[in-house]
Amino acid sequence: MAGWTPTLVKNAMVHAFEVLLDTTGQVGPDWFKNNWPEYRVEFSDEVNQHQEGAARTVTRVRVQRTARDSSRMEKVLIGDRGMPNWGRYVEAEPAARRAPVTWCFWAIRGRHTEVECQRRGWAYSTFRRRRDKAAALISTRLNAAGVVPW
């Protein structure tokens, strides 16, 4: 097998953050929103909710993830068996460490990187170079440690 590439690293990081966002969330006493199943609502009830202004605007669906997804997420974000989390591999370069994480959240939300950089006044080419440099550093360290790609 060829080993880790920067593209594989970026895909694994996006997937890890997707799993994190899908499996975590509010658990507190906000009236058990995350623990209780949604009830089916009849159309007449939905119409009344819209008229009263009590209709839900956004629904978040919980995705059931496998144990393999969770363990891979932990390897990326927490570390595993003496291996550090992937952010530690680029610790010496803080700008390169922040770029892939920011990009992952944009990718999960379906935002275009160039548009988001322009909105913040960041140079797109610099952001892309930092993101790719971080992914290259991580892939090099993973290959040196003998971590098998997934």
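What follows is a short exchange on the aromatic rings of this predicted model.

Biologist: How many aromatic pairs does a search of the whole structure find?

Modeller: Seven.

Biologist: Why is the pair of W106 and W122 called tilted?

Modeller: The ring centres lie 6.0 Å apart, and the cut-off for a pair is within 6.5 Å. The planes meet at 35 degrees. Stacked needs under 30 degrees, edge-to-face over 60, and the rest count as tilted. So W106 and W122 are a tilted pair.

Biologist: What makes this a link between distant parts of the chain?

Modeller: W106 belongs to helix α4, residues 94-108. W122 sits in the loop between α5 (113-120) and α6 (124-145). The two are 16 residues apart.

Biologist: How do you know whether W106 is buried or exposed?

Modeller: Its relative accessible area is 3%. Buried means under 20%, so W106 is buried.

Biologist: And why is W122 called partly exposed?

Modeller: W122 has 39% relative accessibility.

Biologist: What makes the pair of W122 and F127 stacked?

Modeller: Their planes are at 25 degrees, with centres 5.9 Å apart. Stacked requires under 30 degrees, so this pair qualifies. F127 is buried, at 7% relative accessibility.

Biologist: Which charged end sits over the ring of W122?

Modeller: That of R120, 5.8 Å from the ring centre. The distance limit is within 6 Å. Elsewhere, R131 lies over the face of W103, at 5.0 Å from the ring centre.

Biologist: Which residues form one aromatic cluster?

Modeller: W4, W86 and W150.

How values were computed
Residues numbered from 1 in each chain as written. Predicted model: local features only at pLDDT ≥ 70, side-chain atom pairs only at ≥ 80, totals over all residues. Heavy atoms only, no water. Helix = DSSP H or I, 4+ residues; strand = E, 2+ residues; numbered from the N terminus. Buried < 20%, exposed > 50% of the residue type's maximum accessible area, 1.4 Å probe, protein only. Lys NZ or Arg CZ within 6 Å of the ring centre and 35° of its normal.
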